[in-house]
Amino acid sequence: MLSDGVLTFLPFVRRIREATVSEERKPSIKKIRSTGAMKRLMAEYFAELDEAATTGSAKVAWCTSVGPAELLRSFGFRVYFPENHGALLGASRMAAELIPAANAFGYSPDICSYLTSDVGSFLQKKTPLTPAFGMASVPKADLLIYNTNQCRDVQDWLAFYQREWQVPMAGILTPRSLGEITSTHIESLATQHRELIPLLEEVSGQAFDIDRLREVVASSFRCTQLWKKVLRLAEHKPSPLTFFDGTIHMGPAVVLRGDPRAETYYETLIAELKQRTAEQLGAVDGESYRFYWEGMPVWGKLRDHAETFAEHRACVVASTYCNSWIFDGLGEQDPFKGMARAYSEIFIVRSEEFKEEYLARMVREYEIDGIVFHDAKTCPNNSNNRYGLPGRVLDSLDVPHVVINGDLNDLRMYSEEQARTQFEALVEQLHERGS
Ligand code: SF4
């Protein structure tokens with residue numbers, strides 16, 4: 001369904017569509033040279049996980065994406081992130097054939113499609129890790145650790161593997177919809193992190209070492225600050241990167257935070273992007289419009305979306321999703337309080353008022369012309385259009401927006417035609433305004 005204010009522009013949209021078939025409007029997607037270094041780093045990461053799981057050389061811990069990865073790494077665990085596998089299942093479009101297996105097993109098509117595609121992958125014994133990294137399967141866990149800061153689905157997801165493998169599972173229960181984050185919140189969450197220690201000692205066979213934890217948290221903090229720098233380079237006009245680039249290059253910040261190799265990678269990427277800004281080389285040729293993406297990516301359509309925006313000289317310069325791996329809180333002196341703060345400060349955990357102010361700030365700081373809200377059918381937690389937020393934020397800012405209905409992984413919920421119409425309607429609105 002089209003959002004208000006867009007319907008009137010449909011005739012113009014049709015005209016645009018006719019124009020876009022012409023050869024001269026073919027999009028040029030600029031390749032980031034550092035991608036090769038990132039792919040090698042990700043291959044190393046998966047090779048180490050595979051080696052640990054198949055030879056027993058190190059213990060493997062599964063950790064939800066904004067869980068206590070630093071604490072696990074300080075015990076020498078190889079840390080695996082099931083949501084990263086979920087994204088790979090979506091991007092490779094394997095999710096479509098695997099989700100029905102999870103549905104048949106009893107998981108509803110309405111719940112997180114990362115969960116259902118991952119469980120389907122396990123049941124069907126098919127994973128994109130095989131063609132991409134030569135792994136026979138996902139690495140079997142010795143331990144499962146979650147944080148419910150983002151949703152309850154992550155706990156249910158890991159519980160599937162707990163039942164399959166009979167391995168220990170524990171987690172952090174974070175309150176949601178937080179406005180101000182108080183010292184009571186931080187104390188409670190820091191305590192929950194500390195209470196994991198006996199289990200981690202038992203499974204890893206290693207004693208807790210506070211100095212090692214401080215080292216890992218410090219590295220993770222440096223990594224997250226470098227990632228922030230990457231994203232902030234998009235404030236430049238023209239932007240040297242797009243949201244779609246960000247979804248790929250965030251890989252090391254997601255799976256290797258706390259490992260110095262991630263820091264090295266971002267130093268390389270920043271150097272390349274700074275060179276682009278110095279040369280006024282935008283990620284999108286002739287950047288005319290700057291958009292914000294609110295919500296999950298549609299993983300199986302990243303390239304299509306990147307091309308559609310580029311066709312219209314529109315650059316999606318910023319997003320809530322990529323910003324979600326900026327953990328300023330890790331800079332706290334006390335590593336437990338740092339993790340507690342970092343993983344409760346992020347957007348998904350916060351109140352509507354916080355989200356409104358945050359989006360308004362993003363619009364100002366990145367000089368945003370329009371916002372795309374992605375209503376992901378199976379992830380209400382990352383779909384922020386459902387309770388009137390777009391109207392409240394954007395009416396006051398006078399920035400047009402559209403809502404696309406889709407999903408992160410389940411392409412049965414997505415219409416190519418409708419999404420394209422929405423994107424083009426947004427561009428046309430801006431064109432009509434003379435922006
Ligand atoms: S936040 Fe959304 S996409 Fe992520 S695990 Fe939870 S339901 Fe799935």
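Modeller: Leu-411 counts as buried because it has 20 C-beta neighbours inside 10 Å. The cut-offs: buried takes 20 or more other C-beta atoms within 10 Å, exposed 12 or fewer, partly exposed in between, with C-beta atoms placed from the backbone. This is a predicted model: local features need pLDDT of at least 70, side-chain atom pairs count only at pLDDT 80 or more, and totals for chains, interfaces and linings use all residues. Residues are numbered from 1 along each chain as its sequence is written.

Biologist: Where is Leu-411 placed?

Modeller: In the loop between strand 8 (401–406) and helix 20 (416–433). Helices (H or I, at least four residues) and strands (E, at least two) are DSSP runs, numbered from the N terminus.

Biologist: Which residues is Leu-411 in contact with, leaving aside neighbours within four places in sequence?

Modeller: Ala-96 and Gly-300. Contact means C-beta atoms, placed from the backbone, within 7 Å. Val-298 is 113 residues apart from Leu-411 along the chain, yet their C-alpha atoms are separated by 8.2 Å.

Biologist: New topic. How is the protein divided into domains?

Modeller: Domain 1 is 4–31 + 214–433, and domain 2 is 35–209. The bounds come from an automatic or database domain assignment.

Biologist: How many residues of each domain are in contact?

Modeller: 41 of domain 1 with 47 of domain 2.

Biologist: Which element gives the largest share on the domain 1 side?

Modeller: Helix 17, with eight residues.

Biologist: And how far apart are the domain centres?

Modeller: 24 Å, taken over C-alpha atoms.

Methods
Two residues are in contact if their C-beta atoms, placed from the backbone, lie within 7 Å.
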